[in-house]
Amino acid sequence: DKLDGKQLAPETWETGIVAVGSLVGKLCQQKLCGLQQVVERGVETILRGLRGAKEEPEVVIYLLALGNAMLPETIPTLLDHAEDGPTAVTAAATSALQRFPIPLISSKVKRVMRRIFHQKRKSYDKTCRLAAAEILLYNHPSPMDVINILLATSEMETETATFLLLKVQNSLRDHHHLARNIMKDIMGDPRINNYNFFSKVGISSSFSGSLTVTQDLISTFGLDLLFLEGGFLRKSVSDFSLLSHGQRLRAAQVSFEAQGMESMMGENLSEGEEEPELMAGMSATFFDIQLRPIVFFQGYTDLMAKVLLSSGEPTSVVKGNLLLMDHHQVIPLQSGLQVTVKLQGGLGLDISAGMDVSIWEQELKTSVNARGSLTMDFQAELDSPFLQATLRSQTEVETSIHFDTMLRFSSSPVLMCLQLREEQVPYR
């Protein structure tokens, strides 16, 4: 309906555009871009919509769709929006570029990311600068890029500098990080690796660690928390990824973002930084597909309405069942009999998230709940006029992880509680 130009409800339209982008991306990954009509029509719909988009949220949706498609020919479009767009557009474009494979992050992409990080043309929001720094650090960085990023932290606000330095330290601990050897060489220089650089005492943090390690697969959990100078949470990202044979799959990534809180908290903006609109929202990536973002509130009036009418119920991010395999085979035996084999595997997933703001108690609570179950059903059947036998096997595994945060900003410093709960995994 969207491709045919029909008018749709905003939520349906946004979901449809993001899905068209991911579909085009998946077809091209499987070398099926030759389905010219389907792929060209999808890409043209997104690019034409992006050119004609007037409202900022509309532009962001089209950029997310381009990020899902990951087509090399769209990189110049993303770079233009990353460098020249307003904060939300720059954030969406840099986030899309972060998802492109390493061979596509060219010298031109890196030049634009340097200009954004070092603010050569204009002032950028701290989250956009950090995203640009990550692109430079995670894609075969040059030693000079690493040194310049580290030197820049001495002029940054405490929280932003703390967060970035922890990112660098994490890369030293990660044996699979592409910049690890370069980082080790640079850290051998006492002019860089000294107390003056690494003594930042902010409360922002960046952590990543392994959940499971086998010969063929590593599953990791990462948690990023970026705070404002006054102690309010600006952005949190919880990430579950799978690494196997040099490939990375973001199984689930949920990020919360709150902006414009500086004015509510009575904080001063950095010089040259535009005052962002009051907003809180959430976005999720599931199996490397960016889903439609959810906005909790936008603007002070909307915030007050949501606080007064809040139900406290979590918002569903993604819920569904996926058929992973469906195999049916007939095997002839030497005796002349036949065995019928059936194998089915399915994955059930339920990710929900919630945000609860209490103005009176001056508290902010966020929660991310991820539940998943994997089931395998195997059946072998021998059926003949004189003999009937069936062998059946069923296997089920369930897991759930809960990540909760609570901020109390009634006093200074702001008090924060973080809790990561992993329930016992039943295996049947």
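So, when I say buried, I mean under 20% relative accessible area, with exposed over 50% and partly exposed in between, using a 1.4 Å probe and protein chains only. Quick housekeeping: this is a predicted model, where local features need pLDDT of at least 70, side-chain atom pairs count only at pLDDT 80 or more, and totals for chains, interfaces and linings use all residues. Residues are numbered from 1 along each chain as its sequence is written, and side-chain values use heavy atoms, with hydrogens and water left out.

Let's start with helix 6, residues 107-117. Helices here are DSSP runs of H or I, at least four residues, and strands are runs of E, at least two, numbered from the N terminus. Which residues of helix 6 are buried? They're Val109, Lys110, Val112, Met113, Ile116 and Phe117.

Take Met113: leaving aside neighbours within four places in sequence, Met113 is in contact with Leu79, Thr94, Leu97, Ala132, Ile135 and Leu136. Contact means heavy atoms within 4.5 Å.

Now zoom out to the nonpolar cores, meaning sets of buried Ala, Val, Leu, Ile, Met, Phe, Trp, Tyr and Cys joined through side-chain atoms within 4.5 Å. The largest has 63 residues, and the members touching the most others are Val24, Leu63, Met113, Phe117, Leu150 and Leu164. Helix 3 (residues 56-69) gives the largest share of this core, nine residues. There's also a second, separate core of 35 residues, including Phe221, Ala252, Leu349 and Met355.

On to the backbone. Most residues other than glycine have a negative phi. Met70 has a positive one, near 50 degrees, and sits in the loop between helix 3 and helix 4. Met70 is buried, because its relative accessible area is 19%.

Last stop, Met325 in strand 8, residues 315-332. Met325 is partly exposed, at a relative accessible area of 35%.
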